[in-house]
Amino acid sequence: MNRTERKLRALAAGHHLVDPLAGFVDLAGIREAVEDLTKAFAPLGRVQHTVAVKACGLAPLLRYLGDLGVDAEVASPGETAVAEAAGVRGPRLVLDSPAKTTAELAHALAEGTAINADNFQELARLDDLVGPSPRSVLGLRVNPQVGAGRIGDTSTATTTSKFGVPLRDDRNLVKAAFARRPWLTRLHVHVGSQGCPPELMAEGVAAVHALAEEINAEAGYRQVTSLDLGGGLPVDFTSDEPGFTYADYVATLLAKVPALADGHYGFVTEFGRSLLAKSGFLVSGVEYTKVAGGQPIAVTHAGAHVAARTVLQPEHWPLRLSALHADGTPKTGPEVPQDVAGPLCFAGDLLAKERPLPLLEPGDLVVAHDTGAYYFGAHYAYNTLPRPAVHGFTVSEHGDVRFTPIRRAQTVAELVADAGGELVGALPAA
């Protein structure tokens with residue numbers, strides 16, 4: 001049974017879980033993505049695959065991925081804590097962030113977590129923290145300055161990017177930093193994510209591989225023993241197919257840098273969107289419909305609080321939408337251009353504008369596809385709306401669907417607590 005068939009089964013079986021908005025995760029789809037990833041990278045030899053926790057930092061999913069052999073890349077104390085709660089900790093974590101505190105660095109070193117320093121000032125902090133025999137693999141993030149992809153906000157290898165040490169500007173300083181620190185054994189590169197073509201990503205990897213060879217040659221031994229290749233493989237949001245595959249990406253890498261397969265280096269990957277996006281979807285009820293200026297509008301419970309990028313940058317992050325009857329079966333009929341609106345109190349809160357769909361009515365359901373990455377975890381608290389429940393599902397060979405809770409819906413009491421409810425009397429009387 002393929003991804004599309006599993007999704008249809010889940011929608012028909014799980015429509016009662018949409019109250020009034022819910023996320024769903026196809027666990028078999030994630031397992032298939034992990035299998036594709038590990039098989040594709042096998043020619044590179046020693047590879048530690050991690051999932052970018054920012055893409056979907058839900059502890060049960062991290063445990064599930066961990067059981068499949070996927071470790072975690074974290075970029076904040078919160079992401080670290082969630083991964084550790086899921087049982088993924090120590091050497092199974094890679095810490096990346098442009099703003100790590102001394103406390104974060106100390107915790108990572110105590111745990112044996114790998115660290116990719118972002119800049120020379122962070123290296124100076126590590127000088128004061130690293131003992132003679134650190135348990136952690138320690139590296140430096142380098143910006144290869146190879147340019148931007150289609151989406152500037154997700155391109156991290158531009159000339160003036162805030163991430164990493166700019167290689168063209170500071171190549172000699174990078175080499176000197178390694179020469180002074182024998183405990184630096186890794187180089188890290190991440191060119192960007194959605195909108196960055198794999199060929200551009202391969203240029204960044206080629207630049208870092210060349211730098212590693214140069215550092216090792218000048219050191220007279222193999223000081224750099226591993227390369228963190230980052231993540232960023234783009235996803236095709238126009239269909240259920242993944243688009244550019246991991247196998248395609250590895251072929252692109254090896255065409256650019258055949259020496260990646262020579263066994264001289266271990267590797268780390270940090271994929272997020274490409275591992276998770278296709279296996280998740282959001283389902284919202286249609287609360288009301290109206291016509292304004294001749295334009296049909298369906299008001300749903302899915303807006304910028306769960307789809308901020310889509311709402312604020314629809315030209316870069318459009319989502320496929322499907323219309324369902326209340327029982328979860330596909331809705332048919334003539335397609336009518338209509339706005340699919342969210343519940344937030346600003347006019348631009350639209351999942352889609354003038355989207356052709358069978359005419360939506362109150363009680364119908366709207367599916368937003370390919371939302372397994374970022375849409376569940378990057379909640380926007382505008383209007384104090386709750387984070388929706390997320391349900392994992394499996395489908396048996398006989399078509400039976402089993403749902404497992406991954407996150408319960410946030411309660412009103414929890415929203416009040418987040419708003420400082422326990423401190424209501426803290427301020428002096430006016």
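1. A residue is called buried when its relative accessible area is under 20%, exposed when that area is over 50%, and partly exposed in between, using a 1.4 Å probe and protein chains only. D370, at 0% relative accessibility, counts as buried. D370 lies in the loop between strand 16 (365-368) and strand 17 (389-395). Helices (H or I, at least four residues) and strands (E, at least two) are DSSP runs, numbered from the N terminus.

2. Some ground rules come before the rest. This is a predicted model, in which local features need pLDDT of at least 70 and side-chain atom pairs count only at pLDDT 80 or more, while totals for chains, interfaces and linings use all residues. Residues are numbered from 1 along each chain as its sequence is written, and side-chain values use heavy atoms, with hydrogens and water left out.

3. The chain holds 12 helices and 18 strands. Its radius of gyration is 23 Å, close to the 22 Å that the globule rule gives for 430 residues, so the chain is as compact as a globular protein of that length. The radius is taken over C-alpha atoms, and the rule is 2.2 Å times the number of residues to the power 0.38. Along its principal axes the C-alpha trace spans about 70 × 65 × 45 Å.

4. Of the 430 residues, 52% count as buried. Contact means heavy atoms within 4.5 Å. Among contacts with a separation of 6 or more, 68% join residues 24 or more positions apart.

5. Helix 7 (residues 167-180) has a kink of about 35°, centred on L173. The bend at a residue is the angle between axes fitted to the seven residues ending there and the seven starting there. The buried residues in helix 7 are L167, V174, K175, A177 and F178. They pack against helix 6 (120-129), strand 6 (138-143), strand 7 (165-166), strand 8 (184-188) and helix 8 (198-219).

6. E84 belongs to helix 4 (residues 77-85). Is E84 buried or exposed? With a relative accessible area of 13%, E84 is buried. Apart from neighbours within four places in sequence, E84 is in contact with R89, L93, H107 and E111.

7. Most residues other than glycine have a negative phi, and most peptide bonds are trans. The peptide bond from D19 to P20 is cis, with omega near -15°. P20 sits in the loop between helix 1 (3-14) and strand 1 (21-26). E354, in strand 15 (residues 350-358), is not a glycine but has a positive phi of about 50°. E354 counts as partly exposed, at 47% relative accessibility. D370 is not a glycine either, and has a positive phi of about 60°.

8. F376 is found in the loop between strand 16 and strand 17. At 2% relative accessibility, F376 counts as buried. Which residues does F376 contact, leaving aside its neighbours within four places in sequence? They are G23, F24, V25, C56, L58, G280, F281, L282, T371, V390 and R407. F376 and R387 are 11 residues apart in sequence, and 8.1 Å apart in space, C-alpha to C-alpha.
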